[in-house]
Amino acid sequence: MLTTSLLAERFQNFGGSSDQISLSNRPCSFRQLRHRHHTHTFSDPTPHTDQTGRNTGKMGGLNLEVFKFGMYIMFPIGIMYYFGTNLDSRFSVPEFWPKPENANRIPLERDEIEAELQRLRARRLYLREKRLGEQGGQQQPRDQQE
């Protein structure tokens, strides 16, 4: 435990003055010394209010709390709004997607569906004949075996 004189020296290093506290050699804690300092220096029981009763202390008050709350709420919303709007022009790559005339189009009408089936059959038969032509010397087609 420290004595009062040692605590008074440490208190002076933190901005206090030694005439505000007693310099006896009686042992005490720093908390007791600080309490003695505060009880001797303040005569007003409510040191953080002025004569009209308004808060003049170190806290910001209601306006500061409302402002901080508004910032806590509006800052993330503002960031999301800024980066979330106008995405098509901000992140678009020119000519990334094919043009509609170059893209595959699903047939919807009956005659379009039949024409597409005919085209697929013709392609399949062409690829089959090409494959059988390459294998001609190795194996005969089933139609010719029977």
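**Exercise 1.** In which helix is Glu112 found?

*Solution.* The structure is a predicted model in which local features need pLDDT of at least 70, side-chain atom pairs count only at pLDDT 80 or more, and totals for chains, interfaces and linings use all residues. Residues are numbered from 1 along each chain as its sequence is written, and side-chain values use heavy atoms, with hydrogens and water left out.

Step 1. Helices are DSSP runs (H or I, at least four residues), as are strands (E, at least two), and they are numbered from the N terminus. Glu112 belongs to helix α5.

Step 2. The relative accessible area of Glu112 is 28%, so this residue is partly exposed; buried means under 20%, exposed over 50%, and partly exposed lies in between (1.4 Å probe, protein chains only).

Step 3. Contact means heavy atoms within 4.5 Å. With neighbours within four places in sequence left aside, Glu112 is in contact with Arg105 and Pro107.

**Exercise 2.** Describe the secondary structure of the protein chain and the confidence of its elements.

*Solution.* Step 1. The protein chain has 6 helices and 0 strands.

Step 1. The predictor's confidence in each residue is given as pLDDT, from 0 to 100. For the protein chain the mean pLDDT is 76, and 56% of the residues reach 70 or more.

**Exercise 3.** What does UniProt list for residues 66–84?

*Solution.* Step 1. The unreviewed UniProt entry lists these residues as "transmembrane region"; positions follow the numbering used here, feature names are shortened, and annotations may be inferred rather than shown by experiment.

Step 1. In the model, residues 66–84 are 100% helix and 0% strand, with the end C-alpha atoms 27 Å apart.

**Exercise 4.** How many aromatic pairs does a search of the whole structure find?

*Solution.* Step 1. Rings of Phe, Tyr and Trp (its six-membered ring) pair if their centres lie within 6.5 Å; planes under 30 degrees apart count as stacked, over 60 as edge-to-face and the rest as tilted.

Step 1. The search finds 2 aromatic pairs. The ring centres of Tyr82 and Phe83 are 4.8 Å apart and the planes stand at 80°, so this pair is edge-to-face. Both residues are exposed.

Step 2. For Phe96 and Trp97 the centres are 4.9 Å apart and the planes are at 85°, so this pair is edge-to-face. Phe96 and Trp97 are exposed.
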